[in-house]
Amino acid sequence: MPPPTTIRELRADAYRVPAQARECDGTLCWDATELVVVHVSTDAACGIGYSYTQALPAAALLRDKLGPCLLGEDALALPQLWRRMNEALRNLGRPGLGMMALAAADIALWDLKAKLLGVPLAQQLGSARDAVPLYGSGGFTSYDDADLQAQLGNWARSGFRAVKMKVGSHPEDDARRVRIAREAVGGGVELMVDANGAYDRVEALALAQDFAASRVCWLEEPVSSDDLDGLRWLSERVPAGMAVAAGEYAWDAGYFRAMLEARAVGVLQADATRCGYTGFLQAAALCEAFHCPLSAHCAPAIHVPLCAAVTPLRHLEYFHDHARLEPRLFDGVPEPDDGVLRPNTSVPGHGLSLKTEEAARYALSTR
């Protein structure tokens with residue numbers, strides 16, 4: 001008889017959650033967030049993971065390509081399963097959709113392993129901290145001044161010690177928007193900006209000097225994250241006290257290493273819904289080796305156990321869209337308390353479970 005750790009089933013479901021209104025950053029606008037939710041099961045337990053991506057193709061890829069890599073295998077053999085799934089994507093293309101589908105499965109496998117062992121995931125990974133510092137993130141370029149100030153100001157008043165806003169859609173107006181954001185949050189809160197690669201390097205440097213007057217401490221993706229030379233050029237020239245950040249689009253350890261070796265960033269970002277829990281832990285190890293702080297990108301409920309475990313962590317992004325959709329779709333989502341999140345240590349795994357009836361309202365047909 002097969003052991004209780006043998007994987008019996010993988011299920012992938014697609015969802016689309018409308019935004020409250022059209023939202024924009026420096027290079028993109030959207031009116032909804034799509035995500036694929038993965039359940040991986042043995043006879044004894046079921047793990048869950050998700051990634052925000054084009055959900056229907058990701059669900060098909062999980063069922064047709066990645067699922068067969070897992071069925072019949074030992075759920076505790078995570079390195080082997082990680083290798084098998086990566087090999088299955090070789091001829092399909094790993095970056096992008098392929099890795100985001102794989103990441104959702106990898107998250108589910110880590111959750112499943114902790115449940116099979118009967119321990120909270122944060123405990124399994126090992127604790128570096130009891131509480132994970134957050135920064136509030138939104139401030140979309142589609143907001144008017146009142147909405148921008150209200151959102152960032154509310155985070156500051158609720159105990160967040162840092163907030164981030166989007167820039168880049170209208171560079172000529174960015175310095176003014178940053179000034180009113182500073183007025184909204186006061187002097188004791190760190191102010192961060194994210195251009196999503198909208199600037200060229202000369203424009204970015206000029207604006208960084210303007211932003212410094214508002215005590216901006218973080219300049220995220222001032223140029224494309226693929227332009228490592230440009231990121232390094234800016235990192236060497238931005239005003240003192242301002243860090244260039246990037247890395248959210250990294251899919252594997254090789255990309256993280258290349259960014260760190262290039263000295264392209266003052267803070268590395270990683271997103272487990274793009275690189276999996278496995279890739280995030282690899283990024284953390286590289287950050288330790290390069291003496292670079294690490295910041296977790298988006299999906300706060302997914303990242304909390306990881307962020308509680310890795311030593312080079314600076315903070316976790318409390319992204320408006322994901323902070324809104326996670327409680328709609330999942331039970332067990334932690335609530336911010338004075339600007340921090342605490343991992344759920346009362347149940348095995350990461351603590352999330354799908355609200356089946358609620359989620360059905362947002363389901364896309366996967367057949």
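In which loop is the place of His350? His350 lies in the loop between β13 (340-341) and β14 (353-354), strands being DSSP runs of E with at least two residues, numbered from the N terminus.

This is a predicted model, in which local features need pLDDT of at least 70 and side-chain atom pairs count only at pLDDT 80 or more, while totals for chains, interfaces and linings use all residues. Residues are numbered from 1 along each chain as its sequence is written, and side-chain values use heavy atoms, with hydrogens and water left out.

His350 has a relative accessible area of 4% and is therefore buried (under 20% relative accessible area, 1.4 Å probe, protein chains only). A polar atom of the His350 side chain lies 2.7 Å from the backbone oxygen of Ile48. Beyond its neighbours within four places in sequence, His350 is in contact with residues including Ile48, Asp111 and Tyr277, contact meaning heavy atoms within 4.5 Å.

The chain as a whole is described next.

| Property of the chain | Value |
|---|---|
| Helices (DSSP runs of H or I, at least four residues) | 13 helices |
| Strands | 15 strands |
| Buried residues | 59% of the 367 residues |
| Box filled by the C-alpha atoms, along the principal axes | roughly 70 × 40 × 40 Å |

Of the contacts in the chain with a separation of 6 or more, 71% join residues 24 or more positions apart.

Conventions. Buried < 20%, exposed > 50% of the residue type's maximum accessible area, 1.4 Å probe, protein only. Polar contact = N/O pair within 3.5 Å; in protein donor to acceptor, adjacent residues only side chain to side chain.
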